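Please keep the sequence and the structure in view while reading.

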Amino acid sequence: MNICVFLSAADLDERYTRPAREFAELLGKGEHTLVWGGSDVGLMKVVADGVQEAGGRLLGVSVEFLAAKARPGADEMVIAGDLAERKALLLEKADAVVIMVGGTGTLDEATEILELKKHGHTDKPVVLLNTAGFYDGLKEQFRRMEDEGFLPLPLTELVFFAEEPVGALAYLEESQGTQ
């Protein structure tokens, strides 16, 4: 399975890097392909290292202004002209999406895939990996949106919230019938 991971390129502490490494190892051991923003820095590097070390493939989609930070030695690296094209390519190449901890770019990517699902433009499974409770506030906001009628679909049809990496990958494999 090609699993797109949206996540930060920042250097983060162990409470975020440990679960990211764990997920990456599971992904690699499962012989899946990581589809990611292509950067060889921060949490993106942690995940790419873990996938590669565990035997998985790396398919990066970088962008021209970040090409200098693109990971050398990826199995495949595509350089998009801008962030919109990058996001489209990431989603096009993925069978499923995992949203890890991140900033505004990660949030932008996450809301785009959820909007596509909401309107029936994709049926790819989406997991929000809630490492160290990072997305507790967002989860509450989504529940409020659902409760107050802002979501035309049940929240459970849009996104699966996983607290641990093993639950995230298990959900994806089950949804794709590869478990």
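## Terms and basis

Two strands are said to pair if DSSP finds at least two bridges between them. Strands (E, at least two residues) and helices (H or I, at least four) are DSSP runs, numbered from the N terminus.

The model is predicted: local features need pLDDT of at least 70, side-chain atom pairs count only at pLDDT 80 or more, and totals for chains, interfaces and linings use all residues. Residues are numbered from 1 along each chain as its sequence is written, and side-chain values use heavy atoms, with hydrogens and water left out.

## The sheet

Seven strands form an open sheet with parallel pairing, in the order E4-E3-E2-E1-E5-E6-E7. Its edge strands, each pairing on one side only, are E4 (76-80) and E7 (160-162). On average, neighbouring strands of this sheet are turned by 20° against each other, direction ignored; axes are lines fitted to C-alpha atoms, for helices over the stretch in contact, and angles run from 0 to 180 degrees between N-to-C directions.

Strand E3 (residues 57-63) runs parallel to E4 and is joined to it by five bridges. Leu 59 has Glu 76 of E4 as its bridge partner.

## Helices

Contact here means heavy atoms within 4.5 Å. Helix H2 (residues 42-53) lies across E2 (33-36) and E3, at about 165° to E2. Helix H7 (residues 165-175) packs on the sheet and touches E1 (2-6), E5 (96-99), E6 (126-129) and E7, its direction making about 180° with that of E6.

Residues count as buried under 20% relative accessible area, exposed over 50%, and partly exposed in between (1.4 Å probe, protein chains only). In helix H3 (residues 83-93), the buried residues include Arg 86, Lys 87 and Leu 90. At the start of H3, the backbone nitrogen of Ala 84 has a side-chain oxygen of Asp 82 within 3.2 Å.

## Two loop residues with positive phi

Most residues other than glycine have a negative phi. Glu 31, in the loop between H1 and E2, has a positive phi near 60°. Because its relative accessibility is 67%, Glu 31 counts as exposed.

Which residue has a positive phi near 50°? This is Ala 132, which lies in the loop between E6 and helix H5 (136-147). Ala 132 is exposed, with a relative accessible area of 52%.

Conventions. A polar contact is a pair of N or O atoms within 3.5 Å; within protein, one must be able to donate a hydrogen and the other to accept it, and residues adjacent in sequence count only if both atoms are side-chain atoms.
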